[in-house]
Amino acid sequence: MRRFFLKGQLGPTVTITGPDAYHINRVLRMKPGERVTLIAEDGQAAIAVIQQVEENCIQLCPEEMIKEERESPVKVSLAQCLPKSDKMDYIVQKAVELGVDSIIPVISQNIVVRYDAKKKAERVSRWQKIAGEAAKQSGRLQVPVVAAVQDLAKLFQHIDKESKVLLLYEGQVDSTLKQVLRNGDSRHYTIIVGPEGGFSPDEVQLCRSMGALVVTLGPRILRTETAPVAAISIVMYECGDMGGE
């Protein structure tokens with residue numbers, strides 16, 4: 001069943017406008033009497049019947065509340081240093097599918113791409129749209145927020161104090177992600193992933209000084225678009241709901 005996220009709460013009647021209304025009307029060509037799943041901002045879900053279809057406005061009536069357990073019991077935030085080309089599109093999509101709570105694009109010393117303020121805003125808007133599409137596809141009950149682009153030096157100002165911060169670094173040999181997860185009991189992790197050129201020693205030291213745990217994923221060096229997928233999967237498997245009970 002098609003799934004749509006609402007900007008607001010469920011009520012006796014619901015109105016969908018904008019791109020979703022266009023998608024329902026022009027792309028899906030849905031008619032009155034057909035049903036969709038609606039997800040409110042508070043995570044409540046309901047099956048709703050389409051009552052009226054207009055050019056840019058869809059009227060629906062929720063008829064049955066449904067209870068879904070789709071969100072992970074562990075909260076994972078991804079702080080991803082900006083990669084080249086459209087790799088960030090892929091990273092956002094897969095991170096959302098795997099269950100992340102939020103994504104923070106990060107500027108670090110060795111990134112190749114450089115965006116001005118306008119381009120940053122355009123990119124964040126694009127990534128937020130991709131996050132929404134991935135949330136629909138994967139049956140999520142919330143759309144993870146893609147934050148504004150942050151400098152690595154200021155990143156820790158935007159990280160929840162309850163979050164355990166993990167910096168992935170190929171130069172680390174003594175502490176593995178698996179060890180940290182199995183020896184800890186945190187329910188909130190922030191994973192920092194570097195760009196194609198990796199982190200400089202000064203950046204690693206900066207993150208250490210701010211409380212980050214520097215860990216390795218293993219003996220092989222992964223691409224910047226592979227590392228977050230691997231790390232999120234490991235955290236979700238060890239601490240979350242990936243793999244089932």
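1. Let's start with a term you will need: a nonpolar core is a set of buried Ala, Val, Leu, Ile, Met, Phe, Trp, Tyr and Cys residues joined through side-chain atoms within 4.5 Å. Please keep in mind that what you are looking at is a predicted model.

2. With that term in hand, look at the largest nonpolar core, which has 60 residues. Trp-127, Leu-155, Ile-191, Ile-192 and Ile-232 are the ones with the most contacts inside this core. Both domain 1 (3-66) and domain 2 (75-239) give residues to this core, so it lies between them. As a general background, nonpolar side chains tend to be buried together in soluble globular proteins.

3. Beyond its neighbours within four places in sequence, Ile-192 is in contact with Ala-79, Leu-152, Leu-155, Phe-156, Val-165, Leu-166, Leu-167, Leu-168 and Phe-199.

4. There is also a second, separate core, this one of 16 residues. Among its members are Ile-16, Met-30, Ala-40 and Ile-50.

5. Now the division of the chain. Domain 1 covers 3-66 and domain 2 covers 75-239. Their C-alpha centres lie 33 Å apart, and 8 residues of domain 1 are in contact with 8 residues of domain 2.

6. Next, find the open sheet of 5 strands, whose order is 1-3-4-5-2 with mixed pairing. Strand 1 (3-5) and strand 2 (14-17) each have a single partner strand because they stand at the edges, so one side of each is left without a neighbour in the sheet. From one strand to the next, the twist averages 40°.

7. Strand 4 (residues 45-54) and strand 5 (residues 57-66) are antiparallel and share 9 bridges; here Ile-50 stands opposite Leu-60. Helix 1 (residues 18-27) packs on the sheet and touches strand 1, strand 2, strand 4 and strand 5. The direction of helix 1 makes about 90° with that of strand 2. Strand 2 and strand 5 also run antiparallel, joined by 4 bridges, and Leu-60 in strand 5 is the bridge partner of Val-14.

8. Finally, a record to compare with the model. An unreviewed UniProt entry lists residues 16-55 as "domain: Ribosomal RNA small subunit methyltransferase E PUA-like". In the model, this span is 25% helix and 42% strand, and its end C-alpha atoms lie 11 Å apart.

Methods: Residues are numbered from 1 along each chain as its sequence is written. This is a predicted model: local features need pLDDT of at least 70, side-chain atom pairs count only at pLDDT 80 or more; totals for chains, interfaces and linings use all residues. Side-chain values use heavy atoms; hydrogens and water are left out. Two strands pair if DSSP finds at least two bridges between them. Helices (H or I, at least four residues) and strands (E, at least two) are DSSP runs, numbered from the N terminus. Axes are lines fitted to C-alpha atoms, for helices over the stretch in contact, and angles run from 0 to 180 degrees between N-to-C directions. Contact means heavy atoms within 4.5 Å. UniProt positions are given in the numbering used here, feature names are shortened, and annotations may be inferred rather than shown by experiment. Buried means under 20% relative accessible area, exposed over 50%, partly exposed in between (1.4 Å probe, protein chains only). Domain bounds come from an automatic or database domain assignment.
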